[in-house]
Amino acid sequence: MIETRGLRKSFRSRAGRETKTVEAVRGVDLTVAEGEIFGFLGPNGAGKTTTLRMLATLIEPDGGEATIAGADLRKTPGEVRRRIGYVAQGGSTWDESTAREELVLQARLYGIGKTEAHQRAVRALDAFQLAEFADRKCKTYSGGQRRRVEIALGIIHEPKIVFLDEPTTGLDPQSRAHMWDEIRRLRTEGMTVFITTHYLDEADALCDRIAIMDHGQVVAEGTPTELKREISGDVVQVGLDVVATPQAAKALDGEAYVRKLETVDEGGLRLYVDEGATAIPQILRRLDQVGLALSSIELHRPSLDDVFLTKTGRSLRES
Amino acid sequence: MKLARDTWLIFQRQFQLLIRNPVWVFVGVFQPVMYLLLFAPLLKPALNAPTQAEAYKIFVPGLLVLLAIFGGLFQGFGLIAELRAGVIERSRVTPVSRLALLLGRSLRDVVSLIVQAIIITLLALAFDLRVLLGDLLLAYLMLALIALMTSAVSYGVALKVKSEDALAPLMNTVAQPVLLLSGILLPLSFAPGWLQGIADWNPFSWAVDGTRALFAGDLGNDRVWQGLTIIAVLAVLGVYWAARQFARSVR
């Protein structure tokens with residue numbers, strides 16, 4: 001469905017007299033299969049949105065090539081536009097217009113006739129449970145309602161692929177869960193869904209496959225399970241107070257069963273070990289030896305954050 | 001065909017939003033009406049005109065051109081709000097014609113200007129201004145072309161600067177000398193030679209002269225076709241440039 005090779009984009013930014021070139025995206029290769037929910041995970045500024053905007057024909061790549069739903073991005077952007085939908089991160093509805101007006105206009109901009117556009121608007125309003133607010137101005141909607149209108153706008157022309165840029169950012173937990181259901185529904189209707197997110201749980205729960213992006217490059221790609229399996233072993237999280245944390249780190253660093261050790265900001269340690277069940281008694285014994293009391297000890301399977309950490313050297317939560 | 005259809009769609013949408021909030025048409029007309037009521041009465045003695053009606057024949061065309069220039073130049077503000085709301089980006093991912101995105105908006109501005117011009121003309125009629133309908137329609141064509149150009153330029157600049165803070169001083173800086181050098185408030189025939197020389201380089205000065213000739217019933221005056229031609233060429237250039245801004249990546 002999507003195939004990109006070496007997609008690149010840099011921006012020139014001017015600060016005073018100096019112009020600086022920022023390489024936002026430096027060679028992205030991606031393959032997205034038909035009918036999957038593909039997630040682009042990475043911290044803010046990693047180049048996710050820039051890549052998405054290139055794929056959606058909004059900015060021209062500096063280099064590389066891409067085929068989207070069978071159309072060449074560089075040679076026939078008009079054809080790409082007809083086949084894709086795009087929902088921007090910052091919203092796309094006008095305060096003074098109603099959802100129905102927006103939907104009809106959007107359908108008509110895609111070349112759909114008047115009667116058909118009205119019918120599609122009605123269907124979209126029903127499908128996104130917006131019918132009761134259909135004729136109220138967008139400025140009266142809640143954040144979740146407005147986001148649903150925006151997604152409905154992005155798919156009014158029944159595209160093969162829809163790009164959603166951070167679809168759940170700024171939503172409360174309930175609207176967020178609701179949005180996940182909507183996104184899954186798009187897939188069951190036969191659409192390929194490409195989302196960006198900086199939420200680990202979202203990528204894990206929603207996406208069939210993900211690519212982790214950092215500093216303008218894809219650093220890992222696969223299903224969440226595959227990626228987590230790459231980091232063989234377990235994670236042991238030890239709860240300690242802030243004073244005891246550095247002492248414990250010193251005591252455990254260099255122990256044979258500890259592959260990697262990381263300090264948690266609020267106090268405590270994360271230890272990457274080959275096998276949790278055998279490591280835990282040794283950890284307890286070692287801490288007892290140096291006379292440190294711990295408040296908790298937990299065993300985790302690796303999370304996507306651990307994947308991110310091993311690929312980029314820092315935690316997604318910190319960046 | 002596609003261009004006409006797309007332009008109509010954008011125009012319809014923009015027009016609908018305008019009439020939902022028509023107060024802006026009247027806000028726009030407020031200042032010229034004030035000039036008409038509170039400034040124009042000074043003109044008969046100042047211009048040494050034989051009657052008040054003669055003074056209006058000189059002043060009203062200038063006032064209408066002023067309205068067209070300013071009304072157009074400040075349309076960019078609305079576009080910046082749309083840019084911020086993501087409406088422009090949403091249009092740009094569709095296959096809609098980029099020229100239509102501009103033309104639909106600018107034509108809305110032209111229509112709103114003509115409505116304002118009609119209000120001013122009707123008020124001036126009450127002050128004994130008389131003008132032939134044919135001449136008046138040709139004058140309105142001039143105004144429409146001016147508004148088309150200035151609103152297109154304003155949209156193009158708005159897409160480039162993307163901020164109200166930058167647009168406002170920029171537009172004021174452009175509008176001020178253009179206004180003073182076009183003989184809008186007083187005819188440049190009163191101006192010293194050097195000032196007239198500079199004004200000859202101001203296309204709006206030609207437009208004002210042409211519009212005045214039309215209001216005076218002097219259809220054969222060279223300034224009429226010269227003014228119309230100059231403004232028409234500039235309008236085409238302005239529209240072309242601004243449409244390119246819509247097509248280019250906005251970020």
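Where in chain A is A:Thr168 found? A:Thr168 sits in the loop between strand 7 (161-165) and helix 6 (173-188) of chain A. Helices (H or I, at least four residues) and strands (E, at least two) are DSSP runs, numbered from the N terminus. This is a predicted model, in which local features need pLDDT of at least 70 and side-chain atom pairs count only at pLDDT 80 or more, while totals for chains, interfaces and linings use all residues. Residues are numbered from 1 along each chain as its sequence is written, and chains are lettered from A and ligands numbered from 1 in the order in which they are written.

A:Thr168 counts as buried because it has 22 C-beta neighbours inside 10 Å. A residue is buried if 20 or more other C-beta atoms lie within 10 Å of its own, exposed if 12 or fewer, and partly exposed in between, with C-beta atoms placed from the backbone. Leaving aside residues up to four places away in sequence, A:Thr168 touches A:Arg176, A:Met179, A:Tyr199 and A:Glu202. Two residues are in contact if their C-beta atoms, placed from the backbone, lie within 7 Å. A:Gln89 is 79 residues from A:Thr168 in sequence, and their C-alpha atoms are 9.0 Å apart in space.

Chain A also has an open sheet of 4 strands in the order 2-1-4-5, with antiparallel pairing. Strand 2 (18-32) and strand 5 (71-72) of chain A each have a single partner strand, so they stand at the edges with one side lacking a neighbour in the sheet. Two strands pair if DSSP finds at least two bridges between them. Strand 1 (residues 2-15) and strand 2 of chain A are joined in the antiparallel sense by 12 bridges. Opposite A:Ser10 is A:Glu23, in strand 2 of chain A.
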